[in-house]
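Here is a briefing on one protein chain, grouped by topic. Please read it alongside the sequence and the coordinates.

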Amino acid sequence: MDKFTNGQPGPVQRNRLIGLLETDDSIQDDKPAPSKKEERSGHGRKGEPQPLETPYQKESSDFAPKIKINLNYRPGLVSNQKDPNRFDRDRLFSAVIRGSPEALQGLLEYLRRNSKFLTNSEYTDAKTGKTCLMKALLNLKNGRNDTIPVLLEIDQKTQNPRPLVNVSCSDCFYGGQTALHIAIEKRSLEMVKLLVENGADVHARAHGEFFRKKKEGVYFYFGELPLSLAACTNQLDVVDYLLNNPHQKARLQEQDTQGNTVLHALVMIADDTEENTKFVSTTYVEILKAGVKLDPTCKLEEIVNYDGLNPLQLAAKTGKVEIFRHIIQREIKDPVYRHLSRKFTEWTYGPIHVSLYDLASLDSFEENSVLEILAYSSDTPNRYKMVVLEPLNKLLQQKWETFASKRFYFSFVSYLSFMIIFTAIAYYQPLRVKPSFPVEFTAGGFLWVSGLIIILLGGIYLIFAQSLYLRRRRQSLKTMCSDSCIEILIFIQAFSLLLSAVLYGASSENYVAVMVFSLLLGWVNTLYYTRGFQRTGIYSVMIQKTIMRDLLRFLLVYMIFLFGFAAGEPCVSCVCAELHKALFPEHSECLFPTALVTLMGDAPSVSHNKSLAHLESSGSHAMYGGLLSVSLELFKITIGMGDLDFQEHARFRYFVMLLLLLFVILTYILLLNMLIALMSETVTDISGYSKSVWKLQRAIAILEIEKAWLWRQGGKRRSGCFMSVGLNKKDERWCFRVEEIKWTDWAKDVGVLKEEPGNTSDSEINPEEPRSWKRPAQKAARAAAPEEQSLLQPQPAATEMVPLQGKAREL
């Protein structure tokens, strides 16, 4: 209690108390039940997102039950008099839509008289929680709405415990959105300034489903924060104001509910189009520069989200090629911001550029590196495009040449030797079930036992190595089928080999089938080593993609047709009973029960072979004893090796002929030709970027060699060199040197004539002047010096060097 209020609650305490319970000055006639038309047409199906603002329907009045203080209640007294100056939601919303401050006269007195606030539920949309301030911002005219300052002033004078400027939407779709978000989305810097001056929270999070990234449906994910929204909608003036305003400065390090910063949000909205890439790249750099101004020690690009990804890793994970290219090849010439670069031009000579690239987050030496993301994330789009960008392309080439190729070829020779020994042991395996131990101490016995030991140890090594690989990857089923199918087959091969050894030791004749299966898989798995060679590697990728994309879908549809024709036609080709009784008087059942050689009955017994032979010699055709046999015959028809004849004595032989022709049309003509067309399209598609796909496959092999337990005894290998790339301060990084030939850039970006790579004192040429190969000759023709003097003085060469910005360094 306040001592100046005679023991009564002061205005602040009274407002806090009333803020807990809303007041209600309406009478019974003012509260009609929602009409069925509004319920039916106003808000759609349950769970369906509704527009936040639309001129074609009114805001919902279907409020949830809420306890309020009835100001018109009198014991024993019923009053039906209406307040002539009463403000309800429709009157308030109508005034802000028109942008008429005059229509709000008397609102402040009415709110004070009835102890109400503009944030009360009766002044909001029952479905979304939209307030009158949001309504006004959604109805700007030429970027203004004169009712907005009036609403903010009234809200402050009523001492609202829930300031109107920070009230957010309350539904599941637009939840968390405040008036500041709407002002930024409306691209009104004036309104943004007005809201921030009146206490708007610059770190409010719009976390509704409409603002979340999801696989299906319409959404706009911008990072939830007002700063991220301004950056993602290309409003650098709003970004600058939010970061530097005197009221509440936005923090660049602020993260949303997914841990994403404004840089993460920019990466998320990138779509690789030219216009989008231009503004996202520009905004990205401006955000980095703003971070240097606000806090030079803060490293924004090192902040990771809740998935452990920084902006660069997120770009790689989501397959955003152009923003990924911009980040790893970003070079800033301004000395003040040069340390923000990830690329440093070391020196140039004609079209040759030698650059240093920052390896932070790129090299596989680090955990969760970009190389690992590209190699192991099969759901990442455009991996083959990113793996050929510099410096990744030369980095992988350097890894291959220094250590990976030697280890890869050693593994290939070892595996090939293992398979040759395995094949020889299987070919000369004695045809007896009982294990032949001990063997005779002869040269052949010694070689045979040595071969058994080698393949047994090889099987143990393979199953152990593949188990570590699958445990390390922990992939989903889709990823395993697309990226690790060879590794899975190698695991099955090794398991089958060990199982056959166990069955052989147990004197079971089934070991032969298991051993042959393992041998077959072993030779098929040799395709894994084709990725070390460009020509065969591309062929192997095409086979894998064709099987996973086209062949599996074809087999699914084909099996449906095959099973339907093999099992769905009962007894349409039964031989007449008289003929059956004449040939098989001791059997009452029919031996030809279905159409299209779809015989569902059992095969005749051995004792009737003579009668069967007589039947076949008399003109009848082969009989089939089950669904499997029938399916095999239909498969032969599909590939053109089956018999197209039908039974002469079939009861519905024309119908049988029709079904047979229909099967041939659907499978032999339609499905097979569709399969050929799909395979051709897949091969053509892969051929367009075949070299990139092969480099991706080789990158996977390189990383597997790096992580293989057999080769990791010496620890991880780190590429590049540790050096200082700063000009005026210490800036040491792990960098990788890349030499490139850029004829196009040389022809259009030349600005300085340079005789030596390290010389930067040469005169500059206007960079805006178009580059011309004939420029030196034209300048010589316009020279006033006599011809003899021009012959003695060397003319400018037709080749000019690209300038180094700043002092060149010999590193």
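In this predicted model, helix α12 (residues 274–294) packs against helix α14 (residues 321–328) at an angle of about 35°. Their axes are 10 Å apart. The crossing of α12 past α14 is right-handed.

**Packing of α12 and α14**
- On the α12 side, the contact is made by Thr277, Val280, Ser281, Tyr284 and Val285.
- On the α14 side, Glu322, Ile323, His326 and Ile327 take part.
- By class, this contact of α12 with α14 has five nonpolar, three polar and one charged residues.

**Packing of α6 and α8**
- Helix α6 (residues 147–157) and helix α8 (residues 189–197) have axes that come within 11 Å.
- These axes cross at roughly 5°.
- Angles under 35 degrees count as roughly parallel, and α6 and α8 are therefore roughly parallel to each other.
- Helix α6 brings Ile148, Pro149 and Leu152 to the contact.
- Helix α8 answers with Met191, Leu194 and Leu195.
- The residues of this contact of α6 with α8 divide into six nonpolar, no polar and no charged.

**Helix α11 and its cover**
- Helix α11 (residues 262–269) is mostly covered, with eight of its eight residues buried.
- The buried residues of α11 are Val262, Leu263, His264, Ala265, Leu266, Val267, Met268 and Ile269.
- The elements that cover them include α9 (226–232), α12, α13 (311–318) and α14.
- Two of these covering elements, α12 and α14, also pack at an angle of about 35°.

**Backbone features in loops**
- A cis peptide bond joins Glu390 and Pro391, with omega about 10°.
- Pro391 sits in the loop between α16 (383–386) and α17 (392–427).
- Arg187 is not a glycine, yet has a positive phi of about 60°.
- The loop between α7 (179–185) and α8 holds Arg187.
- Glu224 is also not a glycine, and its phi is positive, at about 70°.
- Glu224 is found in the loop between α8 and α9.
- Is Glu224 buried or exposed? Glu224 is buried, because its relative accessible area is 1% and buried means under 20%.

**Ile639 and Tyr668**
- Ile639 lies in the loop between α25 (627–638) and α26 (653–688).
- Its relative accessible area of 40% makes Ile639 partly exposed.
- Ile639 and Tyr668 are 29 residues apart along the chain.

**Cysteines**
- How many disulfides does the structure hold? The structure holds zero disulfides.
- Cys132 counts as buried, at 0% relative accessibility.
- Cys298 is partly exposed, with a relative accessible area of 22%.

**The chain as a whole**
- The protein chain has 30 helices and six strands.
- Of its 811 residues, 45% count as buried.
- Among contacts in the chain with a separation of 6 or more, 71% come from residues 24 or more positions apart.

Key. Residues numbered from 1 in each chain as written. Predicted model: local features only at pLDDT ≥ 70, side-chain atom pairs only at ≥ 80, totals over all residues. Heavy atoms only, no water. Axes fitted to C-alpha atoms, helices over the stretch in contact; angles between N-to-C directions. Helix = DSSP H or I, 4+ residues; strand = E, 2+ residues; numbered from the N terminus. Left-handed = near helix turned anticlockwise from the far one by under 90°. Contact = heavy atoms within 4.5 Å. Nonpolar A, V, L, I, M, F, W, Y, C, P; charged D, E, K, R; others polar. Parallel < 35°, antiparallel > 145°, perpendicular 65-115°, else oblique. Disulfide = S-S within 2.5 Å. Buried < 20%, exposed > 50% of the residue type's maximum accessible area, 1.4 Å probe, protein only.
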